[in-house]
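Open your viewer and keep the selection tool handy. We will take a short walk through one model, stop by stop.

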Amino acid sequence: MKTTIVTMVMTLMVMVTFGQDKNKKMTFDVNGKCAMCKARIEKAALNVKGVKYASWDIASHQLSLIMDERKTDPMKIKSAIVAVGHDTKELKATEEAYESVHPCCRYREDNTDDSGHH
């Protein structure tokens, strides 16, 4: 009986430990300028299966994420972001994707923070 209880407790502890490791916090740079960029970047990240939280800071250009590493990886998220027209350090949006963003969101020519204008 003791062996069964000890085995069950150990199994439960292992399950809890593995359950906590699935969520990873990370941040990376994403180019953009304003609140419209923020909404577009966050939506693109959240549409990737496994992303549980995404928040892009306009001033620092940092995208903060919580993701399930069993379902996605950083490159999948970055690929989704460049597909909507925003560059990361590793990947660049195509000209077509970049040109699809609102004219005020075009950061390549003028990488200033325009958050006060929207």
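The tour goes from a helix to a loop and then to some salt bridges.

This is a predicted model, in which local features need pLDDT of at least 70 and side-chain atom pairs count only at pLDDT 80 or more, while totals for chains, interfaces and linings use all residues. Residues are numbered from 1 along each chain as its sequence is written, and side-chain values use heavy atoms, with hydrogens and water left out.

**Helix α2.** Select residues 35–46. Helices here are DSSP runs (H or I, at least four residues), and strands are E runs of at least two, numbered from the N terminus. Now colour Cys37, Ile41, Glu42, Ala44 and Ala45, the buried residues of α2. They share one side of α2, because they cover an arc of only 160° around the axis (taken from the directions from the helix axis to the C-beta atoms). Buried means under 20% relative accessible area, exposed over 50%, and partly exposed in between (1.4 Å probe, protein chains only). Show β2 (51–56), β3 (62–68) and α3 (74–83) next; they are among what covers these buried residues.

**Thr72.** Move to the loop between β3 and α3, where Thr72 is found. Thr72 is buried, at 5% relative accessible area. Beyond its neighbours within four places in sequence, its contacts (heavy atoms within 4.5 Å) include Val48, Met67 and Ile77.

**Salt bridges.** Select Arg70 and Asp68: their closest N and O atoms are 3.1 Å apart in a salt bridge, meaning a side-chain nitrogen of Lys or Arg within 4 Å of a carboxyl oxygen of Asp or Glu. Arg70 is exposed at 62%, whereas Asp68 is buried at 1%.

Methods
Expected span 1.5 Å × (residues − 1).
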